[in-house]
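I opened my notebook to go through this structure step by step. Here is what I looked up, entry by entry.

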Amino acid sequence: KKFLQKFNAVDVTESMMNVNTKVVVKQGVLMNYHGIIIEIRGSRATVNIDSMGLELSALIDRKNLQPV
């Protein structure tokens, strides 16, 4: 609690998400799309989304991802 009071620019992220974790996008243009995390870069993750016969990789804030 003291740490959060002293540093106001702190993002708390879900530590359960690692490479190869299946996730769903919670917000944004890709909302409700399912994918697999292929890389984590700080507070963002590269997610491989396979939909409609196309494969798409997108860099998404981890706070907008939820493990499935």
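This is a predicted model: local features need pLDDT of at least 70, side-chain atom pairs count only at pLDDT 80 or more; totals for chains, interfaces and linings use all residues.

**Confidence.** In the protein chain, helix α1 (residues 2–6) has the lowest confidence, with a mean of 71. Strand β1 (residues 22–25) has the highest, at 95. The chain as a whole averages a pLDDT of 86. I noted that 84% of the residues score at least 70.

Next I traced the strands. I found an open sheet of five strands, in the order β4-β3-β2-β1-β5. The pairing is antiparallel. Which strands sit at the edges? They are β4 and β5 (65–67), and each of them pairs on one side only.

I then picked β2 (residues 34–41) and β3. These two run antiparallel, and five bridges join them. I looked for the residue facing Ile40 and found Ala45 in β3 standing opposite.

**Salt bridges.** How many salt bridges does the structure hold? I counted two.

The pair I checked to begin with is Arg41 and Glu39. Their closest N and O atoms are 3.3 Å apart. Arg41 has 47% relative accessibility, so I wrote it down as partly exposed. Glu39, at 36%, is partly exposed too.

The other pair I checked is Asp61 with Arg44. Here the closest N and O atoms are 3.1 Å apart. This pair links distant parts of the chain. Asp61 belongs to strand β4 (residues 54–61) and Arg44 to strand β3 (residues 44–51), 17 residues apart. Are these residues buried, exposed or in between? Asp61 has 25% relative accessibility, so it counts as partly exposed. Arg44 has 36% and therefore also counts as partly exposed.

**A buried arginine.** Last, I looked at Arg62. Where does Arg62 lie? I found Arg62 in the loop between β4 and β5. Why does Arg62 count as buried? Its relative accessibility is 11%, and buried means under 20%. I also checked what the side chain of Arg62 reaches. One of its polar atoms lies 3.3 Å from the backbone oxygen of Gly42.

How values were computed:
Residues are numbered from 1 along each chain as its sequence is written. Side-chain values use heavy atoms; hydrogens and water are left out. pLDDT is the predictor's confidence in each residue, from 0 to 100. Helices (H or I, at least four residues) and strands (E, at least two) are DSSP runs, numbered from the N terminus. A salt bridge is a side-chain nitrogen of Lys or Arg within 4 Å of a carboxyl oxygen of Asp or Glu. Buried means under 20% relative accessible area, exposed over 50%, partly exposed in between (1.4 Å probe, protein chains only). Two strands pair if DSSP finds at least two bridges between them. A polar contact is a pair of N or O atoms within 3.5 Å; within protein, one must be able to donate a hydrogen and the other to accept it, and residues adjacent in sequence count only if both atoms are side-chain atoms.
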